[in-house]
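Please read the numbered points beside the model.

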Amino acid sequence: DILPHLEPVDLVLTDPPYNVGFSYESHDDSMPESEYLAMLADVFLKASDLEARSIVWLWQGIRVANGQARACLPEGWAIHHLASWFKKEFAGDLWKGGHPGFSWEPIIWATRGTIEFAGPRGGHAGRDCLVGISSRHDVQAKGHPCPKTFKIVRDVLAWIPGDTILDPFMGSGTTLVAAKQLGRKAIGIEIEKKYCDIAIERLRQ
């Protein structure tokens, strides 16, 4: 509803719902997979219409391996780079599941045209494997069921040029807080007032 009415943006950086059954306020996180992928494809197409030149999202490794990331992109877009977020505490003793623990998540950077890397040329923040503790430690995002780690979002945003950032799945506002720290403008869209209130409070601090 909102995307078609926005002014142009430079890039999209978002953490969409994973469709794995998290308990959100009203969003159904257990949609049929075809409907879920169609939703993402529609959002990214409308972001493309806003003249964005980069779309970056954090997702699941199995979907990347199955080629579903490329299927979500509009015509003329290509995967520019795949990075990873290494959740170092899950390489320790926190994982109690019945299969190998997911200690990393992919970060997908798609572009149309040539985009220069704007991040540091040295140091860990310039590498494509970013190390960070889980979002459960970001106490400012408390109240959202699945916030992303602030440091990871900020580091990725610092890689990519562009004055105006769009997050169409804003959640607790992590992308907007990172943009504010980096002196850039950002637009967040969120369906739940509860999560908007969390984002507003974080931006006030």
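1. The model is predicted.

2. Helix α5 itself is largely enclosed by the rest of the structure, because 6 of its 8 residues are buried. These are Thr174, Thr175, Leu176, Val177, Ala178 and Ala179. Their cover includes the strands β1, β6 (164-167) and β7 (185-188), together with the helices α4 (150-159) and α6 (193-204).

3. Helix α1 has 17 residues, which at 1.5 Å a residue should span 24 Å; the C-alpha atoms at its ends lie 24 Å apart, in agreement. Just after α1, Glu51 adopts a positive phi of about 75 degrees.

4. In α1 the buried residues are Tyr36, Leu37, Leu40, Val43, Phe44, Ala47 and Ser48. Viewed down the helix axis, they fall within an arc of 145 degrees, so they line one face of α1. Ser34 and Asp49 are exposed and sit on the face turned away from that buried side. Among the elements covering the buried residues of α1 are β1, β2 (54-58), α2 (61-65), α3 (68-71) and β6.

5. The largest pocket holds about 770 Å³ of space. Its lining comprises 34 residues, with Pro168, Phe169, Ile189, Glu190 and Ile191 nearest the centre. The elements that contribute two or more residues to this lining are β1 (11-14), α1 (33-49) and α5 (174-181); α1 gives the most, with 4 residues. By class, the lining has 18 nonpolar, 8 polar and 8 charged residues.

Notes. Residues numbered from 1 in each chain as written. Predicted model: local features only at pLDDT ≥ 70, side-chain atom pairs only at ≥ 80, totals over all residues. Heavy atoms only, no water. 1 Å grid on protein atoms, 1.4 Å probe; cavity = no way out; pocket = protein on both sides within 12 Å on 5 of 7 lines; lining within 4 Å. Points joined across faces, edges and corners; volume = space filled by probe spheres on them. Nonpolar A, V, L, I, M, F, W, Y, C, P; charged D, E, K, R; others polar. Buried < 20%, exposed > 50% of the residue type's maximum accessible area, 1.4 Å probe, protein only. Contact = heavy atoms within 4.5 Å. Expected span 1.5 Å × (residues − 1). Arc of directions from axis to C-beta.
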